Structure formats: structure tokens, C-alpha cells
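This report walks through a single protein chain, moving from a loop and its neighbouring ring to the core, the aromatic pairs and a sheet. Please keep the sequence and the model at hand while reading.

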Amino acid sequence: MTDNGDNCDNCWNCRTAKEKFRCGGCGFALYCSQICQREHWKSLHISHCKYLSGKKSLGPSHSPVNCFSCRKESVNVNYKNLHKKDSPRMACHLKMLDRNQVIFRKAFLNECTSFKKTNKERSNWNVANFPFQFGEMSGEYLTYLDKLLGYLQSILCQVMFRYPKIEKLETLFLWLLDWRAYHWAISLQTGDTSERVRLTCQFISVQYSSSDILAIHETVQKLESQNQGVAAWNTYLFLYEMLGVSSTILPMLKVDKKSVEKEDEKGIEALICQASSFKTRIENLEIHDESFNLKSFRQISKQFYLRDSLCCDLCSIDIQTAESSYIFQSMGFFKNRKTWDEAKKKIASQIRKDKAYISFNTGTEFRAICNRGGCQDEFENVALNRLQNFHLFTALRLKYEEKLKDLQCWVCKQFSGRSHRCSTCKSRLYCSQECLNSDWKVHKMICKELQESGSQKKIDSLERKELGEAATKKLYDSRLNSCNCGRDDCIMIANMNRIFRKVFQTEEEVD
């Protein structure tokens, strides 16, 4: 399991202490104490244990009879012919790439726990069943993020058969398998949907990359149009960028706005509002029509634009979104330590003369440039503005993720400066009386034991505040001068340093 703060050796309940033993039933769930085991069993693991132990199954493996996607597709659909005929028909990617189901199962079980390869653990591995079903089969996805990952897999499967000579597409597919497997595995530890999404977004953001994808795009864009024909690759690239955006902003849904410093309120409010909007759009996203055809690029992208027209950022004239091209400039591209000149070249190669273009801007969503007259040669300034916004909102997000990381409510998982300890055991934090009351049915069984044990006792609010401030300062120091492009005049690092200094310059009390 990739280490992103939720190490595979951590207790599945408190997710902080190192494991001491596994669940005797399934052999997967890890716990630091009997207290945590009983609490997690009551709240969640009771629903998963028998599946992981092989005693229960959600049904037969994939078949055209029990698969929702297979029942919707045409009997004549064959992905293997898609590169020969320009068809919008979709097929079930679980059927077409069944080898990847085996890879997914291994990835999922590997994410569930770290195995020391004893005979018993090998046996557990072989008999374990999925506690969740693929949304492609059942018609209902685990979460809205699982739905987006499933859609990306489905579209990329079609792209792989349409352009079989592009070898890097296989790597992209394995990324998606890994991310989805992690999402399923983390869902065994927490039942809160937003927390499942937050933890998975953190995992994705560490690995998310755009350099290979933009390199592929240079080849494919010569074969595919956003305006006509089958735009499977363009659709995939758009939704992949939306996944990158989601991994950046969706974790903000767990930040308590009332715990934010006054000077940051406007920026945090914009991020939370955007995150909430994105959540709704992904929940309502549909990529197929009634005949199980892949919708056009315009039909899918419009589910995120929402409006038929946008104003040019520079001259304010109206621009029709249907007549504009979408420019992929995912800020994940800049994580690969490319120089500013390299980044500009990759993005600018997508712009066509006198053709209006739309791009995503963190904090203010989709923005347009008419690309005519005096607005024609302004790409560098526009791109720099997008980059500044990305750094600003990234700095704000990272600041409060660090500052409030020891103040997460046990029930709703919100990070709040108002979080307070249970007055008896001092081992669980609650952001409100309502959360404390809702947890009492389970918590009352272990409260006294936690008090006597003292092993999970939370430090008082003053210490938590000091730790949060220290973590914030450490983060600030680590982010400055973090670019390795080797240039003394790097615009990207100068811009990031200026913004981070502004965001992190003041420190106020957390509680």
C-alpha cells in the first residue's frame, strides 16, 4: 500500500496506531487493540468480514446475464473492430479486458493489508471475495468517485482498442486500476463517503501526472476532433483532468469554514463551493445515451460547463462553448518538475489560430479566451494567471489540511477547530454535541476501557494548536524552492514562493 499517511500497517479503526493483530475471521482487518476491534466491528466490519473470509459472495463472477452494462450493449459490439470502424458503440470493459479483473483483485487485496506470506494468509488471499460490486455490473457505484473512475476505465478501454499502437495507454489503465483498488480498500476502513473520497483523492494526487498524457494527445489529436466523430480520447482526457481537479478540491468538503482565519475565508469559501459543485456534477454525470453509445465530447463536457456561453477573460465578449475548443492544461502537469517553457509548449500546441478556447481555472472554474484581435497572443499571460490561481488555492488547502489535521471529528470526519474531547475517556474528538450523541450508542461500550487504557488519549486543545502550527510551518518550509528544474530564474518557483509566503504569513489560534 502506498504510504500517503494511511499506512497499511495502521489500525483500521483509529488509523493511527500500528497494528498488533488481525481479525480472526477474515485475516485482513488490522487492529491495535481489542477496543478498536469491537468498535470497528460494530460500526462497519460486520458488513465486510464474511466476504473477505470467503464465507459470503455477492453473486457469480462477471457474465453477460448478470452484468448491467452487458445487457445494455448491442450484441454486435466488438471492441476489437473499433479501430477499423468509427463507431460510438460502447462495450462492457469488464468483459473485454477480463485479465485486468485479475490484476484489480490482486491490487485490491494488496491494498487491504500487508502480507508476511504465512500459509494462513495465502489461504485468506485465495478465498477472499469482493465486499462491493462493480457499478458497471450492478448499476450502482460504491461512491461518486468510484463512478468517475469506472467511466474513465470504460472510455480508456475503447481508446486502447481504437488506437492499439499507442503502448502508453496500458500504463494509464493500470493507474486507474490501482486508484480504484485503493478506493475500495479504504472503504473497508471507513463508512463515511466523503472520508472515503478524501483519502482516495490524497492517494491519487500523489501519483497524478499529465506529462505522458499530453504527449499521447499530440498524436491522437491529429486523428480525433472534439466537434465531430467519436471523441473517445478527448472525452477521456477531459474527464481525467476533472479527476485531477477533484483530487485537489474535494478534500475541502471536510474542512470547517468556521475554523478558517478571516483573511482566508473568501478563498476557502470559493474552494468549498467549487468542491460541492463538482461533487454534484460527478454524481449526475452520464457518458452513455439510451442506446449505450458514447455521448459526444460536447454533451459530456457540457455537464461540467453548465452554460452555453462564457465571457472572454480579456475582452468580455460572449463566447459560445459549442464553438470553442477545450485546452487541457491540468496543473498536475507541473508536478513533474518541467520548466515553465516546456509546460507552455505542451499546452500551447493545442491552440488553433482564431479559435476560441476554454480551460479550467482553480477557484473560478471554466474560463474562456476568444483568441482574436488583441486576445490572440495572450496565452502566456493567461496560463500564468491559471498557474497563480492553482498555487494560491493549493497553498490554502495545504495550510488547513496541516493546521487542522489533529482536529478531525470521529463521527462526521470534519476537520474543525471546534472539536472537543469526550470528557470521560479523552480519546475521541467531536465537532458538536450532535456528533457526540450519534456516536454514544457505540462509544458507551468502550468509553471506560479507553479511559483506563489511556493508549488513545488525545492531547489537549493547546497542544493540538501548537502541533498544528508547527506542522504548518514545516509544510511551508518544505514547499519553498521545491522545483528541481535547475533554473535560477524559474517563473514557476518564484510565483509559488510569493503566493505561499502570502498565505502562510500569519498564524492565529485554532481553538
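In which loop is the place of K413? K413 lies in the loop between α16 (379-403) and β8 (420-421), where helices (H or I, at least four residues) and strands (E, at least two) are DSSP runs numbered from the N terminus. The model is a predicted one, in which local features need pLDDT of at least 70 and side-chain atom pairs count only at pLDDT 80 or more, while totals for chains, interfaces and linings use all residues. Residues are numbered from 1 along each chain as its sequence is written, and side-chain values use heavy atoms, with hydrogens and water left out.

Most residues other than glycine have a negative phi. K413, although not a glycine, has a positive phi of about 65°, and it counts as buried because its relative accessibility is 12%; buried means under 20% relative accessible area, exposed over 50%, and partly exposed in between, with a 1.4 Å probe and protein chains only. R15, also not a glycine, has a positive phi of about 55°; R15 is found in the segment before β1 (21-22), and its 12% relative accessibility is why R15 counts as buried.

The charged end of K413 sits over the ring of W410, at 4.9 Å from the ring centre, and R428 lies over the face of W410, with 3.9 Å to the ring centre. A charge sits over a ring if NZ of Lys or CZ of Arg is within 6 Å of the ring centre and within 35 degrees of the ring normal.

**The chain and its core**

The chain has 20 helices and nine strands, and 56% of its 511 residues count as buried. Of the contacts in the chain with a separation of 6 or more, 68% are between residues 24 or more positions apart, a contact being heavy atoms within 4.5 Å.

The largest nonpolar core has 140 residues, and those with the most contacts inside it are W233, F238, L239, Y326 and F366. Such a core is a set of buried Ala, Val, Leu, Ile, Met, Phe, Trp, Tyr and Cys residues joined through side-chain atoms within 4.5 Å. Helix α8 (residues 144-162) gives the most to this core, with 12 residues.

L239 has its place in helix α12 and counts as buried because its relative accessibility is 0%. Leaving aside residues up to four places away in sequence, L239 touches L148, L152, I155, L285, I287, I300 and F304. The C-alpha atoms of L239 and L149 are separated by 9.3 Å, although these residues are 90 apart along the chain.

**Aromatic pairs**

Rings of Phe, Tyr and Trp (its six-membered ring) pair if their centres lie within 6.5 Å; planes under 30 degrees apart count as stacked, over 60 as edge-to-face and the rest as tilted. By this rule the chain has 28 aromatic pairs, two of which are set out below.

| Pair | Centre to centre | Angle between planes | Class |
|---|---|---|---|
| W175 and W179 | 6.2 Å | 25° | stacked |
| F238 and F297 | 5.8 Å | 80° | edge-to-face |

W175 and W179 both lie in helix α9 (residues 168-186), four residues apart, or about one turn of the helix, and W179 counts as buried because its relative accessibility is 0%.

Not counting residues up to four places away in sequence, H183 touches L142, T143, L145, D146, R196, V197 and T200.

**A sheet of three strands**

Three strands form an open sheet in the order β5-β6-β7, with mixed pairing; two strands pair if DSSP finds at least two bridges between them. β5 (325-326) and β7 (365-369) stand at the edges with a single partner strand each, so one side of each is left without a neighbour in the sheet. Strand β6 (residues 357-361) runs antiparallel to β7 and is joined to it by five bridges, and the bridge partner of Y357 in β7 is I369.
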